[in-house]
Amino acid sequence: MGFDLKQALSELCAAPGVSGAEKTAQQTAQQLLSQFAKTETDSFGNVYGYVGEQTHGRQKLMLEAHIDEIGYIVTYITDEGFLKISGCGGIDERALAAQQVTVYGKETIKGVITSIPPHLSEKNNSYSINDVFVDIGLSKQQAEKLVSPGDRVLVENELVSLGGSLVTSKALDDRSGVAAVLLALDMLKDKQTVYDICVLFAAQEETGERGAKTGAFRLAPDLAIAVDVSFAKTHFESEEDCAKMGQGAMIGIAPVLSSEFSQGLIQTAERCGLPYQLEIMSGTTGTDADKISITAGGVRTVIVSVPLKYMHTPVEVIDLGDVEKTAQLIAEFAQGR
Amino acid sequence: MKELLEKLCLLDGISGDEGAVRDFIISQIKDHSQITVDPLGNVIAFCKGKKTPKNKVLVSAHMDEVGMIVTYINSDGTLKVECVGGVDPAVVYAKRVRVGKNKVTGVIASTAVHNLSKEEKGKTPGFDKLTVDIGCESREQAQKLVSLGDSVCFDSRFLTFGDGFVKCKAIDDRAGCAIMIKLIQDTPEYDTYFTFVVQEEVGLRGATAASYTVDADYAFVLEATTAADIPSAQADKKVCCVGDGPVVSFMDRHTIYDKEMFDLAFETAKENHIPCQTKTMIAGGNDAGAIHVSRCGVRTTAISLPCRYLHSPSCVIKLSDMQDAYRLTKLILDRTYNR
């Protein structure tokens, strides 16, 4: 049986894993990874994988993606039994109003984020996280039995297809990256690689790339490819600032990345006839690559991204074809092409 | 009634496109009433009771819901939409929708939060800065799936949660429709007219025509009304509270209600130990606005369910309020037929 990308991505996206509470997502990713690698986890929320025999004398290549997702965290229960929440990661506050949410308390409970109807407001509303509550339809006494400050809250949109090979779901940032790494490993099955390959699915990227810091230290790679998502052009955005959906992986070029390694990936893409796009950043990248590259005595690192629309909303969109092309690029590079 | 409400809410029927809701309602009441569908698409049902009352009594609810309509297909295959009825763009941002007869899945969004200019930050984009993305790459591709004028409906799950609450789109006013279906299926004691009307959300238009046709002495409008009972609202701005029973209004933006009928409603509620409340703000409006000035005037009462987050994909009501509204309506009807 081949690796079913859409099915795997669907499972990955469905697993709750708000930063710092990645357990379910961690387990789902570990389960999928275990068909390709010897796996282990740590208490930080990271998943590690070792592919095949790790031989002495070969360089160690780490394939990395983050396992956490954007979400909310309960900070307070009001006298009326409503929940106050705060963001875990860089949330899009425009996406708050009138969402159905799941609260991961002692039990999994459902609720709605509050909004003010047009009948009672003069004009269009804009909400900040401080303006809204989660309505769980319970009194304070009932709520306190099930929910505690620190519980995570998610808008749970399952993965569905749009036109062509496009899909929409929550958490495509960065379960798409996790899926691309898994697909690359599937492509590398029974193939000779020029590196020892290890895998890191890192916790807490959205709150400051923390899992990548501890995880990369543990694996101590010579080279690292961080796989994340980045901006694809949407209707109101400029072509100059964004990649295009369906046109392949975005290879990052930035001062903090190994330019030699970026060029190496470009050459791989050229040699193998794989479509790719360049993403130029003028400083850091805002991804795990920033932390991995300065781990221990330094790691030569690049970032490869899957183009994604509507980042950090529950309606993120990617093209499955771009995940495939990203996986292919990684697999070809690992084989020394 | 919950099962009936779920079925009704999950049907798509924005103003002017109520066909699916109408067909379902007719299937539920055709064995219990004589049905006419008028030129606007209103369902007028006459329910023959055991007796003929002194007064001609009408009960009305609207079938349509708020949503959006496709106004343009952009060259990149995304859709421009405008709201149908009063929809705050804040509640459609980052939501899933269904477009047109083919029920094409789409998502509503805009520029990524990371890429906003200083002026754009912290503000919800209006409909002019939102697109529906159905995953097409070009106008030509999108035109195969979607046409201008197609309805855009919220893709919202029906959810039971908390202490007897339900959440879905379109509870305004499928809850009223559900109560009316139940009243018809029970067969009222006296002859009664029921109208399931179109186009409430775009100006009480269906009710204008239907109430002319029925020519009633007394009318009862079953609705869902704004409850703003969330912790940030001051007591007087809460309007009404979910769980405190049906809402009988003395005045809203379209109607000053019949005072005797208003008093009758509260007396009836009190005598039968049914919780009942009124609105603490002159806000909103409903088909009563059209009905009470129909022909030479109709004595009109609105019995509404307190509903949070009205006109959003996540309207919330309490099932106990729905039961109480049903009971109260039945009892007031009995006191109206021969008064």
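**From the interface to the backbone**

In this predicted model, 53 residues of chain B are in contact with 53 residues of chain A; two residues are in contact if their C-beta atoms, placed from the backbone, lie within 7 Å. The elements giving two or more residues to the chain B side are strands S6 (95-99), S7 (104-109), S8 (131-133), S10 (159-161) and S11 (165-168) of chain B. S7(B) supplies the largest share of that side, 3 residues. By class, the side of chain B that touches chain A holds 22 nonpolar, 20 polar and 11 charged residues. Here Ala, Val, Leu, Ile, Met, Phe, Trp, Tyr, Cys and Pro count as nonpolar, Asp, Glu, Lys and Arg as charged, and the others, Gly among them, as polar. Helices (H or I, at least four residues) and strands (E, at least two) are DSSP runs, numbered from the N terminus.

Some conventions apply throughout. Residues are numbered from 1 along each chain as its sequence is written, and chains are lettered from A and ligands numbered from 1 in the order in which they are written. Because the model is predicted, local features need pLDDT of at least 70 and side-chain atom pairs count only at pLDDT 80 or more, while totals for chains, interfaces and linings use all residues.

Chain A is divided into domain 1 (5-69 + 170-334) and domain 2 (71-154), with bounds that come from an automatic or database domain assignment. The centres of these two domains of chain A, taken over C-alpha atoms, are 32 Å apart. Their contact takes 11 residues from domain 1 of chain A and 11 residues from domain 2 of chain A. On the domain 1 side of chain A, the contact residues are 4 nonpolar, 5 polar and 2 charged.

Chain B contains an open sheet of 7 strands with mixed pairing, in the order S1-S2-S12-S3-S13-S15-S14. Two strands pair if DSSP finds at least two bridges between them. The edge strands S1 (34-37) and S14 (247-248) of chain B each pair on one side only. Strands S2 (residues 43-47) and S12 (residues 192-197) of chain B are antiparallel and share 5 bridges, and B:Val43 has B:Phe196 in S12(B) as its bridge partner.

Further along the order, strand S3 (residues 57-62) of chain B runs parallel to S13(B), with 4 bridges between them; B:Val57 stands opposite B:Tyr218. S13(B) is also joined by 9 bridges to strand S15 (residues 299-307) of chain B, again in parallel, and B:Ala224 stands opposite B:Leu305. How much of strand S13 (residues 218-226) of chain B is buried? The count is 9 of the 9 residues, so S13(B) is largely enclosed by the rest of the structure. A residue is buried if 20 or more other C-beta atoms lie within 10 Å of its own, exposed if 12 or fewer, and partly exposed in between, with C-beta atoms placed from the backbone.

Helix H5 (residues 205-214) of chain B is mostly covered, with 7 of its 10 residues buried. What covers these buried residues includes S2, S3, S12, S13 and H7 of chain B. Just after H5(B), B:Asp215 takes a positive phi of about 55°.

Helix H8 (residues 319-336) of chain B has 18 residues and spans 26 Å from its first C-alpha to its last, close to the 26 Å expected at 1.5 Å a residue; the expected span is 1.5 Å times one less than the number of residues. The buried residues of H8(B) include B:Asp321, B:Met322 and B:Leu333.

The largest nonpolar core has 227 residues, of which A:Val304, A:Ile330, B:Met180 and B:Ile317 touch the most other members. Such a core is a set of buried Ala, Val, Leu, Ile, Met, Phe, Trp, Tyr and Cys residues joined through C-beta atoms within 7 Å. Leaving aside neighbours within four places in sequence, A:Ile330 is in contact with A:Leu63, A:Ala180, A:Ala184, A:Ile225 and A:Val304.

Some backbone angles remain. Most residues other than glycine have a negative phi, and most peptide bonds are trans. The peptide bond from A:Asp173 to A:Asp174 is cis, with omega near 10°, and A:Asp174 is found in helix H4 (residues 172-187) of chain A. A cis peptide bond also joins B:Asp172 and B:Asp173, with omega about 10°. A:Ala171 has a positive phi near 65° and counts as buried, with 29 C-beta neighbours inside 10 Å. B:His273, with a positive phi of about 55°, counts as exposed because 6 C-beta neighbours lie inside 10 Å.
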